[in-house]
Each structure stands twice: as structure tokens, then as C-alpha cells.
Amino acid sequence: MMRQILDAESLAVKQIPVTDGYADAIDLIVDRVYRGGGKLVTSGMGKCGQIADNIATTFSSTGIPAVFLHPSEAQHGDLGVLQRGDVLLLLSNSGRTSEIVALVSLAHNLYANLPIIVITGNTESPLAAVADVCLHTGGAPEVCPLGLTPTTSTTTMTVIGDVLVVGVMNITGFSRQDYALRHHGGYLGRKSRDLQ
């Protein structure tokens, strides 16, 4: 059983569609955040939100200012974190999550031209339709025996986030010294300084 689950998750990762959207998303982040002084604002609901939060912290630790915006809290004032030069990165497996769809409308009411990158398992969804860049997970079925619990979908979203982070790092030339400046404690902080 364990091998079957691992094989299913591995296959889902291998079958993530590779498109020009990755280069487009990376260029957006580099141009608007790294060069333009904006920030990356990630969002998702439930398990997707946890992955979005992880992507934001990984970007922040590698030289790209990023924050997680909870889509429900955005409706109660936290939308104020958005600025004109930002990029939105939204995660929703169904592409129909009501809180995320609402966030798009709220964000565009504030800044009409705010670019949106969407990671989704449904390219025919409302979110995919409004995205400047849509990155498809491949839509593999969840390994959960009920076919409901986010498992495979969150794995593929995490991998896509990693691809974006590493792609941006390669363009910006983020170095070990840059890493050390952002990691003062823990094992990674020591490792980044010891190997300079």
C-alpha cells in the first residue's frame, strides 16, 4: 500500500504539464517584485492556504518579499496589505473556491491591473479564466481513499511553488551570502555561514 501511494504521488509530479506559463510567472515575479519593489502576495483556503503560506515563506527566505494573505481575513481589512506593484499568487485545486474568487474581485477593485498567477487543477475554472498566468497541476486524483482529502493536489502545488522559487533564484543570482543574511539562526543559518 505504501509503495502504491508513493508511486501515485510520484507519477502525479512527473505529469505536471510543463508550459511557457512557468517562464511568464517567473518573469512577473522578477520584474514586479525583485526589480520593481513590489511583493508577492500568496493566498489559498484550507490546505491550499497552508501550501500558499509555505511558498510565501520560501520566497521571502530567498530574496523575494512575500506574504500570505488569508482570503477570509482579506474581507475584514487585511486586503490593505496589497500595494499597486504587487503580484498575487492564488492556489485552488478546484479553481472555484468562493473565498479566492471573491479575493480576485476585491483585489481588482483596489488595483485593477494587479497581475494574478493561479495554480489549479482545473483550467476550465473561474480562477483560471481571470489569471494572467495559469499553472496547471495536471489534475491527478487524490490518493486519499475517499478521493476528497487534499493529498496529491497539495503535493503538486508544493512542487510548482518550488519550481517558481528556484527559477527566480536562478535569474536573480541569489547567493549563499544572500541566504546567510536572511538566516541568522538554526542549522541552515550556520550552514550558510560556515561554507562561505
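Colleague: How many salt bridges does a search of the whole structure find?

Modeller: Keep in mind that this is a predicted model. Searching the whole structure gives a total of three.

Colleague: What is the N to O distance between D31 and R35?

Modeller: Both residues sit in helix α2 (residues 21–35), and because they are four residues apart, about one helical turn separates them. D31 is partly exposed at 41% relative accessible area, while R35 is exposed at 58%. Their side chains meet in a salt bridge, with an N to O distance of 2.9 Å.

Colleague: Which residue forms a salt bridge with R3?

Modeller: Look in helix α1 (residues 2–14), four residues from R3, which means about one helical turn away. The closest N and O atoms are 3.6 Å apart, and the partner is D7.

Colleague: And are D86 and K39 buried or exposed?

Modeller: These two form a salt bridge, their closest N and O atoms being 2.8 Å apart. The pair links distant parts of the chain, 47 residues apart: K39 is in the loop between α2 and β1 (40–44), and D86 is in the loop between α4 (71–74) and β3 (87–92). As for D86 and K39, both are buried.

Conventions: Residues numbered from 1 in each chain as written. Predicted model: local features only at pLDDT ≥ 70, side-chain atom pairs only at ≥ 80, totals over all residues. Heavy atoms only, no water. Salt bridge = Lys/Arg side-chain N within 4 Å of Asp/Glu carboxyl O. Helix = DSSP H or I, 4+ residues; strand = E, 2+ residues; numbered from the N terminus. Buried < 20%, exposed > 50% of the residue type's maximum accessible area, 1.4 Å probe, protein only.
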